[in-house]
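Me: I would like to go through the labels attached to this model and see what each one rests on. Please set the values against the definitions as we go.

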Amino acid sequence: MTAAALIEVRTTCPYCGVGCGVIAQHDGVQITGVHGDPDHPANFGRLCSKGANLHLTTLPEVAQTSRLLAPAMRRARTVPMQTVASGDALDAVAERIAQTVAEHGPDSVGIYVSGQLLTEDYYAFNKLTKALIGTQNIDTNSRLCMSSAVAGYKATLGTDSVPCSYEDIDHARVLFISGSNTAFAHPVLYRRIEAARAANPDLKIIVVDPRRTDTAAEADLHLPILPGTDVMLYQGMLHIMLWEGWIDRAFIDAHTEGFEPLKAQVRNATPAEVARVCGIDQAVLLEATRLFATQGPTLSLYCQGLNQSADGTHKNAALINLHLATGQIGKPGAGPFSLTGQPNAMGGREVGGLANLLPAHRDLSNPAHRAEVAAFWGIDEVPTTRGKTAVEMFEAARTGQIKLLWIVCTNPAHSLPNQAAVHEALSSVPCVIVQDAFASPATLRYADILLPATPWAEKDGTVTNSERRISRQRAVLPPMGEARHDWLIAAQVAQRLAARWGRLHGGFDWADSESVWNEWRELTRGTDCDITGMSYAMLEAAPQQWPLREGETAGAARLFIDGRFNTPSGRARFVAQAYKPVADRIDAQYPLALTTGRLRDQWHGLSRTGLVPKLFAHAPEPRIEMNAADMGRRGLREGDLVAVESLRGRQVLMVAASDAVRSGQAFMAMHWGEEYLGGVGTHGVNSVTSDAIDPVSRQPELKHAAVRVTRLDLPWRLVAHVSCSLAELQPCLAKLRSLLQDADYWSLVPTTLGESAGITLRMANTIRPVQPVLDALGMVLDLAPDARLLRYADAQRGVERRLRVVQDLAGTGAGGSSTRTLSALWLSGPQDALDAEQWLRSFIDTRQDVSRLGAALLAGGAHAPVPVQARGAAVCSCLGVSEPTIRACLAEVAGTPHERLAALQARHRCGTQCGSCLPELKRLVLQVHPASAMGVASESVAGTLVK
Ligand code: SF4
């Protein structure tokens, strides 16, 4: 098929809450490419590194080996799954639910869904749970990322209503980014921030974050507060605003209530006290407050740093207090703007698909609201008591209150905190139903019934992004295998239950996703998120923001412009709450504050981005980052293995020095679950995170855990880098995982070796593994000793080196002879047996001719026998431009920082595609030429002063 014959489908990116429009091209069989939709108002044609590689997650050879394509069941956990017909699987799900409800009541059923679901899916599951099964026990992984934002908005503004739009970034004069590494978590939005700054050089950017992230490094002012001290910071800012007369008294008097108690409360939050508690300079605190209050309009952008906290509701409310006190809300460029992590966390909030919500922002504790929903659904009443929220649901499963868990499109065996308890829950609950599109998530191994679902490329429906904008997500390809849409699975189980129970007949007979949405739309009539003026046809033409009532033609870009809020009095409410420290105490036993966050090119538990090897090039290893001084005090060197331990569990991983992390703190990326990182008794990064929850929002404190980090002496090591085809990648990873179960430490990460896909395996043990395990690993890695393998073995020292050398038909050596290149390596034995890893890996990456090196390749040692350029981590993952290449180029070019960046881009084109690497490129420009300035401030220990 020619390029001209390709079909284009306009859809939406399924990753973050920016909600970028995507145009997917397909040839009827596979998606051949994606690009940003130039007409979508969320991204105007831009995509980040994740979105720009979406098509690579759907390649036929990848899908065939990574997808869950047929339903399966088993009678007991000890026997293997058997593939069954879809009808039988759905019958079994209905049977197990009916049996559980009959024996233990509706509240013994827990349904755990996902912010990745479309609104139609969310609506179907919510109705099934609350109207038919008769329990409020439906919750979502969105509980882990934004329930504190919901609670904060409700406490202050009256409803869960994000008052701002992305266009406010263009109008703002101050951006107050708090608890958000926007450059990594919402990259396309960050491109908009960069554009706003270019258009308005006076725009001031303040970043509040314990880490010096790429976002913080580019700010005018960085406040590296100690973890969890946000409420104290905001109270201190309000104290200064009151002292300096920087509040908007007229706005407070006309549109708010509850200011006097708050005033009294912040009296003691003096600059000195706040600087002490938050660990920042007073001067920085004063300057941030001055900018926020006097240089506006001020737009706050905030995310998990505020939400993932045992005091997240109050952190959100305390920040909104600042907007109310200064009148910075309801006008262009101003307002508290919560950025949602997931693509449809907002849709889930709207349909009320959480344990404490009712549809369309109705309140569960309000009898009139309950009656409205019950009447709409045609039932006597909706359950009156709040259901179990995410952490509570798994705890109830662990303690026997919940007897059946139905897990949809999420991987709690990775993403929930305190994984030991989660695994105990999944092991002990009598029935686990898992509905997922992918075959690799760790949760699947606990399933009694597996239901294959459609993923992004096959789904059809709607999503709502962070700015309340509803977009169509359209199916590009037909469902593979037996996969069905999530809403359809819910409906088909509901129809079976309705027939069995003799109620709600016809309540789930939707013909398509549009019928589900039309029903949901009607339920919004008269509410603050009324979308009765929208239709699928309207959304086909352009995404729309809510509210958009019947008769209206456009949604509202901004809420509360008239100063009336959604409270009974119409006034916004100030919330006065005392500062509460983090749940985990830092003490002599657990002296480090661990925080978690995102990598630039990865998404959540890696079930999708993990299918694309090149997305690992930017951060190729699971590791814990620490300040170099803390490492030195512990005698740790770069790359050492350490045990990270908290009150809840432990994880082993490599340590790396980072100047982004303050002394006394540590950082781990949230993405590494037990599919990629293991060791006996460990379950990935959330082995150690805290399940302490906010008493209002019930969101766990994933952003902070007290840990200790100790060097681990695991004398036997193995590293292997092997190439394999995309079709082999997932099966190979699965086989390797099964062989690593008894290892003290292992990591297993897709990689790119030269131009091909590959795998990096690391393993460490107290003793050498038994030979059958090593033999089996060698077989799977295609590095078993054979006649074609270069091999060195020192039985006395236990050292072994295996190298695969291949004829490289693409290259030619001296005299036109074909070259031989290294394609795979295995090094094992004591730690120094791995000394040659870096240069051997460089030979693989660069495909440098090794014909003449012969036995020198097997000599070991840290130095290559001939020069070879190290490839290093890829900074620009679109074009594969590595850090060493960038540094070498920058060392040669001259001029202003902007001129040097331009020269770099002219030579290597890095940062010219998706732009996700631009902050890092700018940082490298400044590192190579430290005396220069690029709109980036210089750092001090406790804060960064304005340039
Ligand atoms: Fe997708 Fe990236 Fe846009 Fe987020 S910023 S929606 S991940 S393309």
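Me: What are Phe616 and Tyr676, buried or exposed?
Reply: Both Phe616 and Tyr676 are buried. The label requires under 20% relative accessible area. Keep in mind throughout that this is a predicted model.

Me: Why is Phe176 called buried?
Reply: Its relative accessibility is 0%, and the limit is under 20%. Phe176 therefore counts as buried.

Me: What makes Phe292 buried?
Reply: Phe292 has a relative accessible area of 0%, so the label applies to Phe292 as well.

Me: Why is the pair of rings of Phe616 and Tyr676 called tilted?
Reply: The ring centres are 6.1 Å apart, and the limit for a pair is within 6.5 Å. The planes stand at 35°; under 30 degrees would be stacked and over 60 edge-to-face. The pair is therefore tilted.

Me: What parts does the pair of Phe616 and Tyr676 tie together?
Reply: Phe616 lies in the loop between strand 23 and strand 24, and Tyr676 in the loop between strand 27 and strand 28. The parts tied together are 60 residues apart in sequence.

Me: How many aromatic pairs are there by this rule?
Reply: The count comes to 17 aromatic pairs. One of them is Phe176 with Phe292: the centres are 5.2 Å apart and the planes at 85°, so this pair is edge-to-face. Phe176 lies in strand 8 and Phe292 in helix 13, so the pair ties together parts that are 116 residues apart in sequence.

Me: Which residues do ring pairs link into a cluster?
Reply: The cluster consists of Tyr123, Trp377, Phe508, Trp510 and Trp520.

Me: How do you know that the length of helix 9 agrees with its 15 residues?
Reply: At 1.5 Å a residue, helix 9 (residues 230–244) should span 21 Å. The C-alpha atoms at its ends are 21 Å apart, so the two agree.

Me: What makes helix 9 mostly covered?
Reply: Twelve of its 15 residues are buried, among them Asp230, Tyr234 and His239. Gly245 follows helix 9 and has a positive phi, near 75°.

Me: Which way do the residues of strand 18 point?
Reply: Ile449 and Leu451 point one way, Leu450 and Pro452 the other way, and all are buried. In a regular strand, side chains alternate between the two faces of the sheet.

Me: What makes strand 17 and strand 18 a pair?
Reply: Four bridges join them in the parallel sense, and a pair needs at least two. Ile433 is the bridge partner of Ile449.

Terms used:
Residues numbered from 1 in each chain as written. Predicted model: local features only at pLDDT ≥ 70, side-chain atom pairs only at ≥ 80, totals over all residues. Heavy atoms only, no water. Helix = DSSP H or I, 4+ residues; strand = E, 2+ residues; numbered from the N terminus. Expected span 1.5 Å × (residues − 1). Buried < 20%, exposed > 50% of the residue type's maximum accessible area, 1.4 Å probe, protein only. Phe/Tyr/Trp six-rings, centres within 6.5 Å; stacked < 30°, edge-to-face > 60°.
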